[in-house]
Amino acid sequence: MRTDGRHYDELRPVKITPDFIRFAEGSCLIQMGSTMVLCNASVEDKVPPHVKSGGWITAEYSMLPRANRERSKRDIAKLKLSPRSAEIQRLIGRSLRSAVNLQLLGERTITVDCDVLQGDGGTRTASVTGGFVALCLALKKLVERGELEKMPVRTCVSGISAGLIGGEAMLDLCYEEDSRAIVDMNCVMTAEGNIIELQATGEGRPYTPEEQQRLVALCAKGNAELCRLIRPYCGI
């Protein structure tokens, strides 16, 4: 048992509140334990210059100043995007694009904003999962309006973390666990169990291929559970 009473392969309690923001085409608040991320999807009838056909999906990520235990400065105060925020929003964008047939989207850009209200580990993976829900809600609205013939979503996408702590592989790390992990992994997968992105780091030491397989298997279990939870919101 862990400090919060979970088993090693158990997710934190997950709660998704759809349509959390009135004005966004798609919106949800995702809570995974004490981590809370607000995800909004906005639709524009234009595409970036580099997109020659079809549509585009991109993401932005930020953490509110008091999302953590100590106040952090806003990116705007530093006059540039922090490297961490830039890395995470690219991850979110890549993950969401992989789930959608961009040709069916038409000449539209959907921007998914992921704002961390409270961080307790797993903010990037919660952003992927909540961002996918917000994206699907926006796409469903376009279908309902007759602006899209059908949902262009190929599969469900979610993200989860895992790590090695004291030799034990654990799923969905909270901050206290993440800070002690000797190996830290973030994994984005499809509903079929295929990997979109795998980020793993040996924080205290290198890790073995066998340890990586244990962590990936845990992530596959967690992502399968998340996809079952979010599928009702996604119209697929």
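Predicted model: local features only at pLDDT ≥ 70, side-chain atom pairs only at ≥ 80, totals over all residues.
Figure 1. Of its 236 residues, 50% count as buried. The 31 positive and 30 negative charges have mean positions that lie 3 Å apart.

**Figure 2. The fold and its dimensions.** The protein holds 5 helices and 9 strands, and from the N terminus on they follow the order β-β-β-β-α-α-β-α-β-β-α-β-β-α. Its C-alpha trace spans about 55 × 40 × 30 Å along the principal axes. A compact globule of 236 residues would have a radius of gyration near 18 Å, so the 18 Å of this protein agrees with that expectation. Of the contacts between residues at least 6 apart in sequence, 69% join residues at least 24 apart.

Figure 3. Aspartate 19 is not a glycine, yet its phi is positive, at about 55°. Its relative accessible area is 55%, and because exposed means over 50%, aspartate 19 counts as exposed.

**Figure 4. A close look at aspartate 172.** This view moves to the loop between β7 (168-171) and α4 (175-178), where aspartate 172 sits. Aspartate 172 also is a residue other than glycine with a positive phi, near 55°. Is aspartate 172 buried or exposed? Its relative accessibility is 2%, and because buried means under 20%, aspartate 172 counts as buried.

Definitions and conventions
Residues numbered from 1 in each chain as written. Heavy atoms only, no water. Buried < 20%, exposed > 50% of the residue type's maximum accessible area, 1.4 Å probe, protein only. Helix = DSSP H or I, 4+ residues; strand = E, 2+ residues; numbered from the N terminus. Rg over C-alpha atoms; globule rule 2.2 N^0.38 Å. Contact = heavy atoms within 4.5 Å. Lys, Arg positive; Asp, Glu negative; His and termini not counted. Charge placed at Lys NZ, Arg CZ, Asp CG, Glu CD.
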